[in-house]
Amino acid sequence: MNLKLKPETNYMSLQIGVEGMTCASCSARVERGLRKLPGVAEANVNLATERAEVRFDPQRLTPARVVDAIHETGYTPVSGEVDLEIEGMTCASCVGRVERALKRTRGVLDARVNLATEHAHVQYLPAMIDPESLAAAVDEAGYTAHPLNGTDVADTNKRRASLRAMGRDVAIAAGLAAIILMLSMGSTFIPVFNRALQTASPFPHFWDWVQWLFATVVLFGPGLRFFRPGWIAYRHLSPDMNSLVATGTGAAWVYSTLVLLAPTLFPAAARHVYFDSAAVVIAAVLFGKYLEELAKGRTSSAIRKLLGLQAKAARRLEADGSEVEVPMAQLRIGDRVAVRPGERIPLDGQVVEGHAHVDESMLTGEPLPIAKGVDDYVVGGTVNRDGRLVIKATSVGRDTVLAQIIKLVESAQTGKLPIQGVADRVVRIFSPVVIAIALVTFSVWLLLGANISVALVSAVAVLVVACPCAMGLATPAAIMVGTGRAAELGVLFRKGDALETLSRVDTILFDKTGTLTEGRPSLGAVEGRQTDEALRLAAALEAASEHPLARAIVEAAKERQLAPPLLKTSRPWPAMASRG
């Protein structure tokens, strides 16, 4: 039974696509399931359009719960997921603002934003909104967003260009800040330098104006990285780290500029310029951001290594038996591809021709290649050690095992640990509290009788020192480093919060037959009378082989400093031995 609509209630409307309905009783069943939810005012399901329209009180019900209710009736609500690349985020406050902007958007079920990867994962209702509209919602919040196009090379090149630009800004800011610092402080400690400056000055306060010029370049050149987003944050009544830096350095610059332009406005004891403080703060904070960007690049190395296992092209067999090299995107289920010895298998499929040994260590951790023949299944990303294989594709693109592993690692890296929820709540009120403390500091110093110069410097110090830069980056960076390093070692995390749970584990039980190994075979012993001579000859036979057992024999000979003879001819016998 529908609730009576109250004029004072702000109801929310949802349009949800529903799959699986075949008759009027199906749509009626979905309607009844929706109307039973607390807070639902209206629920109508249209069988022809396969769409449900729901009006509900957002104070009592969430869109995600509405979607779950359709699931519970036995039908499939149509929802989509998209990853957005976000530009312009610098701290945890930015993350919170982007998340709130996305979650407020009609049709969004959930949104998670990760500062370390600069990505947002959004679950939404395609019947109400599309990825371009989601990106527009982020743009309105003061950031730049666009759906990920999946081109890892373009993303890497873009990151590199951004890192180079930031490095250039750091060099400019640091260089000019050093000059300003020398002009302002050098004369205090080096009398000769002070006399040289006075002699070379064409008019009073000339060197103060030089400091003003260099400080202006620093603040409104490299420093624009803080002023532009800082102003946007103020406009949205949600100041962040950029706002703190921009307010502190901007106040020092404005005060010093007024001292130069209208010194009579200030007492004689307060006529000091603080261009050095403004420039050094910008340079120091910008250098810190540069180090953060370097850390972000390193933490995503595990994903890049996994992507490196994916083949870029494959040799497809045409109807006439010829081989044509095509990009992976053009392969379809049922296509036949040829894989030569030493190549990576490009997709998941079934062997229809040939025999070979396949190195599946990237998937199973087992060091020995597995013999594959007709009707055996192979996995993309594994390596064909010997022999030619013809494989019929059973999974391509995002449906392959390797693609699912990469998606698993990405999902774990972009997830949020429970502890990060605490940091997000703190950061939301952190910047406004810091600004309030800075204002109190300024006022108290004035009430205690200090001049405006001392009060300003104290307030600026509070603003700059309290920047919450690391608060938003520490947890996601730790997740990325932990899950990334684990992926390199063959351990995958389905969810990032498993890392937090793992910190409380003190015992690990391995339920597996066999023994835990180093992942590669080694020679245990050589039996017989002339063991060194036998090993030397065996190493000569196996020197040209890539088989793990052959490599173990060669390595054992090297450890004993044996010099294997050179063979005139060598012929491998698959699955057996070598002859020479």
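At what angle do helix α8 and helix α9 pack, and how far apart are their axes? I will start there and then step back to the whole chain. Please keep in mind that this is a predicted model.

Helix α8 covers residues 224–235, and helix α9 covers residues 241–261. The two pack at an angle of about 115°, and their axes are 7 Å apart. Angles of 65 to 115 degrees count as roughly perpendicular, so α8 is roughly perpendicular to α9. The crossing of α8 past α9 is left-handed.

Which residues make this contact? From α8 they are Arg225, Phe226, Phe227, Pro229, Gly230, Ala233 and Tyr234. From α9 they are Met241, Asn242, Ser243, Val245, Ala246, Thr247, Thr249 and Gly250. Sorted by class, the contact of α8 with α9 holds 8 nonpolar, 6 polar and 1 charged residues.

Helix α9 has another partner to show you, helix α7, residues 206–220. Here the angle is about 150°, and the axes are 11 Å apart. An angle over 145 degrees counts as roughly antiparallel, and therefore α7 is roughly antiparallel to α9. As it passes α9, α7 makes a left-handed crossing.

On the α7 side, the contact is made by Asp208, Trp209, Trp212, Ala215, Thr216, Leu219 and Phe220. On the α9 side, the residues are Thr249, Trp253, Thr257, Leu260 and Leu261. By class, the contact of α7 with α9 has 8 nonpolar, 3 polar and 1 charged residues. Thr249 of α9 is listed in the contact with α8, and Thr249 is also listed in the contact with α7.

Next, two residues in loops. Asp375 sits in the loop between β14, residues 370–372, and β15, residues 377–378. Its phi is near 80°, a positive value in a residue other than glycine. Is Asp375 buried or exposed? Its relative accessibility is 52%, so Asp375 counts as exposed.

Gln561 is in the loop between α19, residues 548–559, and β18, residues 571–573. Phi of Gln561 is also positive, near 60°, and this residue too is not glycine. With 74% relative accessibility, Gln561 counts as exposed.

Finally, the whole protein. There are 19 helices and 19 strands. Of its 580 residues, 42% count as buried. The protein exposes about 31400 Å², and carbon and sulfur atoms supply 58% of that. Among contacts between residues at least 6 apart in sequence, 67% join residues at least 24 apart.

Methods: Residues numbered from 1 in each chain as written. Predicted model: local features only at pLDDT ≥ 70, side-chain atom pairs only at ≥ 80, totals over all residues. Heavy atoms only, no water. Axes fitted to C-alpha atoms, helices over the stretch in contact; angles between N-to-C directions. Helix = DSSP H or I, 4+ residues; strand = E, 2+ residues; numbered from the N terminus. Parallel < 35°, antiparallel > 145°, perpendicular 65-115°, else oblique. Left-handed = near helix turned anticlockwise from the far one by under 90°. Contact = heavy atoms within 4.5 Å. Nonpolar A, V, L, I, M, F, W, Y, C, P; charged D, E, K, R; others polar. Buried < 20%, exposed > 50% of the residue type's maximum accessible area, 1.4 Å probe, protein only. Areas by Shrake-Rupley, 256 points an atom, 1.4 Å probe, with all protein chains shown as cover.
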